[in-house]
Amino acid sequence: MKYHLISLGCQMNASDGERVRTVIEQMGYTWTEDEKEANLIGILACSVRQNAIDKIYSKIHKWNKWKNHSNLITFVSGCVLPSDHEKFLKLFDIIFQMKDLPNLPEMIHQYGITTPNGIQNGFDAQNDNISEFWNVKPDYTSDFEAFVPIQNGCDKFCSFCAVPYTRGREVSRPSSEIISEVRSLAERGYKSITLLGQNVNSYGLDKPETEIMFPELLRQVGQLGNEINTEFWVYFTSPHPRDMSDEVIEVIAQYKCLAKQIHLPLQSGDDKLLIAMNRKHGLEKYRQSVSTIRRLIPEATLFTDIIVGFTGESDEQFEATRAAMKEFDFNMAYIAKYSPRPGALSHRWFDSVPLEIKKDRHQILTQDLKLTSRSYNDSMIDKTFRVLVRAAAKHDGYLAGLTEGKINVRFMSENTDLIGQIVDVKIKSAIAFSVEGDLLD
């Protein structure tokens, strides 16, 4: 019996997929890369992006045709909007929320237990029983990089985002479990560990009487790094600017294992658009956080998220975002063209910015980003950086990796035994989004 699993969307789905694999393999299934060989096929959906949903419909129609000549069970989970949930019930054999993962073997045994009953049960926005999901030991897909979920759900309700309607309200994982998983990974030699959540720096706010807050969680992880005599880097994603406190930045500066790379989503450089997006932070709050980062952790790299063409975005508001991009000097920005998602508040509004203008703005920001990224990368030349080797590069004879600040590096070497190790590389050249160097002994 073989299975195939597809994870779409963000790192949270990728992390969830590691626990799904554990449950499936405990049932006796073995992994196959070839969908056609599988007796069980699952997909972790992403309702945040329309192209991801379109891909699901394309896949399931193909898989259902295969059922005419093979024994096949299909399931879907992940980020699924209630409207998509009802449609998927007619197409997939099984549909479940991630918190119900421990019940998947019983669902498969009964083959399609979640049919019309799923509509009656509805979507559980409170994330009851999510702890049972966290108790599933993940089947890590890498021997040196791992994601550790610290919360599930989101309470922010940004007007462009469907996540609160697909993953429910914020629930924090017990800190003792998080520290235990990080310790286990570090002791086993993992080099890159990412604390994962929709709004990681609001960790603990749902349990103020019984849980620590995010700065203390980071502090305990940092202390753990001091105890373990090995080099590893701990990241977190994604924080929210509203909850980014000086204390968080102070803790990162204090502990060696806390990576000096911060991903802080801006979304727009215009305060009125930020209000329309329901971001609950203004440009000045963001500016204060970046100023603290630059003062306390001058070596830190800064990443962000930007949306272009949000409903009502004027030329002046777009120029404000360009100015913010230049001011904050980002190393990387994940720039997205706005598209309305069913379930999100802004889906009710007229999508007033034409696609061609969105494409133009996306291209302009990308060109702006190349300048700031190239400037930083040029400053790396003739300096030596620690680099986590992640894979063989596209060009034969080279290996590729990331610095602690997540700058892409490649260097000449055919020694694939270095993959998963942290090595010294002296940078000798740079382009916009990557650098090249020489491996040092």
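Residues are numbered from 1 along each chain as its sequence is written, and side-chain values use heavy atoms, with hydrogens and water left out. Because the model is predicted, local features need pLDDT of at least 70 and side-chain atom pairs count only at pLDDT 80 or more, whereas totals for chains, interfaces and linings use all residues.

Ser159 is located in the loop that connects β7 (151-152) with α7 (163-167); helices (H or I, at least four residues) and strands (E, at least two) are DSSP runs numbered from the N terminus. With a relative accessible area of 1%, Ser159 is buried, a class defined as under 20% relative accessible area, against over 50% for exposed and in between for partly exposed (1.4 Å probe, protein chains only). Residues up to four places away in sequence being left aside, Ser159 touches Ala276, Met277, Asn278, Phe310, Ala344, Leu345, Ser346 and Trp349, contact meaning heavy atoms within 4.5 Å.

Helices α12 (residues 283-296) and α13 (residues 315-328) have axes that come within 11 Å and cross at roughly 15°. α12 is therefore roughly parallel to α13. Axes are lines fitted to C-alpha atoms, for helices over the stretch in contact, and angles run from 0 to 180 degrees between N-to-C directions; angles under 35 degrees count as roughly parallel, over 145 as roughly antiparallel, 65 to 115 as roughly perpendicular and the rest as oblique. On the α12 side, the contact is made by Leu283, Tyr286, Arg287, Val290 and Arg294, and on the α13 side by Ala324, Glu327 and Phe328. By class, this contact of α12 with α13 has five nonpolar, no polar and three charged residues (Ala, Val, Leu, Ile, Met, Phe, Trp, Tyr, Cys and Pro count as nonpolar, Asp, Glu, Lys and Arg as charged, and the others, Gly among them, as polar).

Backbone geometry was also examined. Most residues other than glycine have a negative phi, and most peptide bonds are trans. A cis peptide bond, with omega of about -5°, joins Thr237 and Ser238; Ser238 is placed in the loop between β10 (233-237) and α10 (246-254). Asp382, although not a glycine, has a positive phi of about 75°. This residue, Asp382, is found in the loop between α14 (355-379) and β14 (384-392) and counts as exposed at 58% relative accessibility. Lys406, likewise a residue other than glycine, has a positive phi near 65°. Lys406 lies in the loop between β15 (398-403) and β16 (408-412), and its 24% relative accessibility makes Lys406 partly exposed.
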